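Biologist: Could you walk me through this model and tell me what stands behind each term?

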Amino acid sequence: MDISPETYLEHCKRRFGDANPERIANPIWEWMVRERHNPYVARKALGLETDFGGCMIARNPDWCFQRMGMPVVKMHDGREISIAGEHEDSYDPDFCIYNDVIVRKGDNVAIYGYPREVFPPTDFHTATLINNDIWLIGSLGYSEERGGAMPQVCLLDTRTYEIRRVSTSGESPGWISHHKTVLLKDGVTVEVCGGEVLRNGGETEKGRTNFDTFHLHTETRVWKKMSNTSVWRQFRIMYDEDITRRMELIELWMRWHTGEVLNELGYPVDPAPDSNETPEHHVHTVHVDGVPVRIEDSWREVRVVIEGVLPEATVQSLLTRLQSILVSIKRTVEEVVED
């Protein structure tokens, strides 16, 4: 497609829809879908400004189809329906959480927009097809729109592309995101497991790992908790986030990856997971007096999940010894909190 810089600038910005749905015929958006370009690449190719002066607050992002947390539903008639999602993270000038629906079939692209009050910006949700409807469960969302006793649930009609908010009741996981869903054999019950749950939804709140399983009956719209981990305890050990420092510690990082350094805790350690298991390859389980303790490392913190009951003295001893190990591999421990 022969695109001029003027055409790009005229059509590149994100906007919300004015109807439920609004078919948005935008040549630049459709081109971005087909070519899978991101705004930086597009602007650079067109000789446009790519340096936004480091401004991360006054956002006016270019529309983008390269997203995280965007489920795709493949329909029997060949359509691929991509729903909302997030481009980049808050450090990027084109960071954006979307609330649109993109339908592709062959070379045909149709983009549908929605008013914000109908379909809020949504990411890291799931999409479960039941008959002609896609159930959109969960969301992380912008910090000012997060939180609540019930998860966000929306219904997308695959015939008209209308979206409706759904009210649910019962014992739900709360404000959940990054989870998984499965449609059970009865054809009406959606099982939700994994993911993270926010309690208050504040900008600095860290998600609490969800270890329970929940069922949502889509006819009654009632949640039911199917497991019980109420006695489990979760802790975070937060440490120095300096990226230069982290890059200097790759060798020590690999010692963590193998589980080698955790042997210093003095408890049995499960064998290291297969390195191809990307979501789990920094997760290890140690067994403290018969109770599994899950230890997960990320760039910013170590999460400790005690999957049972241990005496308080044992818990504190474990956390203190774990902090000592982090110090021994040059991590600077800043804070320990219980979720």
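**Cores and a sheet**

Modeller: Tyrosine 8, leaving aside its neighbours within four places in sequence, is in contact with Ile3, Ile28, Pro39, Ala42, Arg43, Leu46, Leu48 and Asp62. Contact means heavy atoms within 4.5 Å. This is a predicted model, where local features need pLDDT of at least 70, side-chain atom pairs count only at pLDDT 80 or more, and totals for chains, interfaces and linings use all residues. Residues are numbered from 1 along each chain as its sequence is written, and side-chain values use heavy atoms, with hydrogens and water left out.

Biologist: What makes a set of residues a nonpolar core?

Modeller: Its members are buried Ala, Val, Leu, Ile, Met, Phe, Trp, Tyr and Cys residues joined through side-chain atoms within 4.5 Å. Buried means under 20% relative accessible area, with a 1.4 Å probe and protein chains only. The largest such core has 24 residues, and Tyr8, Val33, Trp63, Ile102 and Ile111 touch the most other members. Helix α2 (27-35) gives the most, with 5 residues. A second, separate core of 22 residues includes Leu265, Tyr267, Ile295 and Val315.

Biologist: How do you know that β6 and β7 pair?

Modeller: Two strands pair if DSSP finds at least two bridges between them. β6 and β7 (residues 133-137) have 5 bridges, in the antiparallel sense, so they pair by that definition. Isoleucine 130 has aspartate 133 in β7 as its bridge partner.

Biologist: Why are β6 and β9 called edge strands?

Modeller: In the open sheet, the order is β6-β7-β8-β9. β6 (126-130) and β9 (163-165) each pair on one side only.

Notes. Buried < 20%, exposed > 50% of the residue type's maximum accessible area, 1.4 Å probe, protein only. Helix = DSSP H or I, 4+ residues; strand = E, 2+ residues; numbered from the N terminus.
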